[in-house]
Amino acid sequence: MKKIIIAIDGFSSCGKSTMAKDLAREIGYIYIDSGAMYRAVTLYCIEQGLFDEAGNIDEETLKAHMNDIHISFQLNPETQRPVTYLNGVNVEDRIRSLEVSSHVSPVAALGFVREALVKQQQEMGKEKGIVMDGRDIGTAVFPEAELKIFVTASAEIRAQRRYDELKAKGQEASFEDILRNVEERDRIDQSRAVSPLRKADDAILLDNSYLTIAEQKEWLKTQFEKATHATC
Ligand SMILES: Nc1ncnc2c1ncn2[C@@H]1O[C@H](COP(=O)(O)OP(=O)(O)O)[C@@H](O)[C@H]1O
Ligand SMILES: Nc1ccn([C@@H]2O[C@H](COP(=O)(O)OP(=O)(O)O)[C@@H](O)[C@H]2O)c(=O)n1
């Protein structure tokens, strides 16, 4: 069967990567978490001391070092889940911290950062057979994607899901801080000048506030089947 590109965009913490990962594994496609790439650049900035105390970023230094930032993914053979590497180091856990979440949206609003990452993402998808999730996949990275999904859920439900996830990993977090972070990132992501978060006109909207992980997985599989039949 002809391979397609599947773009999954939407608001923070609503389950995009969970459903994208599951589908990719089931249909034998490559899965790319584009948010992990913006998170890895942000972790690099934190480690290099590029944020001042007010959280402002030293854009000139970051721009000069963009070529020193190498991001890659490797499959964990036990979990069959992709793990993010920054310059050869496994940073999968560290990029999910609230510290990175609190700094990532301003970094992702920088035009030169987006230009560099979008180029890599487009390269990853040139053979198709890819599921990529993020904020601008259906609008900017792969506007020609055969299947586009836009996921949303209420901010409280999204924050609760993230809170439960961090707690399960043993990371300290307060529900209020997470909710504030989710709302603040949504605001910055939707209002930035370059490729703001928005539903592509031809994307299918999914509100998964009251869907289980299994139900949304099933729903996505059905959308995939419809899209592949349509492109046969
Ligand atoms: N339908 C759902 N119901 C409950 N929890 C969910 C659902 N979908 C995803 N989750 C959980 O919510 C958290 C955020 O999901 P994730 O896929 O990382 O979101 P995103 O990629 O949109 O940021 C994860 O802990 C995930 O297991
Ligand atoms: N394609 C993308 C993916 C993420 N991002 C940025 O990266 C941040 C982290 O993305 P993410 O997908 O890991 O976020 P969560 O929804 O998982 O919390 C987002 O809040 C955006 O600021 C983006 O600008 N474009």
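User: Where does Arg 185 lie, and what makes that stretch a helix?

Analyst: Arg 185 lies in helix 8. A helix here is a DSSP run of H or I with at least four residues, a strand is a run of E with at least two, and both are numbered from the N terminus. This is a predicted model, in which local features need pLDDT of at least 70 and side-chain atom pairs count only at pLDDT 80 or more, while totals for chains, interfaces and linings use all residues. Residues are numbered from 1 along each chain as its sequence is written, and chains are lettered from A and ligands numbered from 1 in the order in which they are written.

User: Why does Arg 185 count as buried?

Analyst: A residue is buried if 20 or more other C-beta atoms, placed from the backbone, lie within 10 Å of its own, exposed if 12 or fewer, and partly exposed in between. Arg 185 has 21 C-beta neighbours inside 10 Å, so Arg 185 counts as buried.

User: Which residues does Arg 185 touch, leaving out those up to four places away in sequence?

Analyst: Arg 185 touches Ser 12 and Ser 105. Contact requires C-beta atoms, placed from the backbone, within 7 Å.

User: What makes a residue part of the shell around ligand 2, and which come nearest?

Analyst: The C-beta atom, placed from the backbone, must lie within 6 Å of the molecule. The shell around ligand 2 has 15 residues, of which Gly 35, Tyr 38, Ala 108, Gly 134 and Arg 135 come nearest. Helix 2 gives the most, with 4 residues; helix 4 (98–108) and helix 8 (175–191) each supply at least two.

User: Which residues come nearest to ligand 1, and which helices each supply at least two of its shell?

Analyst: Of the 16 residues around ligand 1, the nearest are Gly 15, Ser 17, Thr 18, Arg 161 and Glu 165. The helices are helix 1 (16–27), helix 7 (155–168) and helix 9 (213–231).

User: What makes a set of residues a nonpolar core, and how many residues has the largest?

Analyst: A nonpolar core is a set of buried Ala, Val, Leu, Ile, Met, Phe, Trp, Tyr and Cys residues joined through C-beta atoms within 7 Å. The largest has 48 residues, and Ile 6, Ala 7 and Ile 8 are among those with the most contacts inside it. Helix 2 (residues 34–47) provides the largest share of this core, 8 residues.

User: Which residues is Ala 7 in contact with, leaving aside neighbours within four places in sequence?

Analyst: Ala 7 is in contact with Met 132, Ile 137, Gly 138, Phe 142, Ala 145 and Lys 148.

Methods
Two residues are in contact if their C-beta atoms, placed from the backbone, lie within 7 Å.
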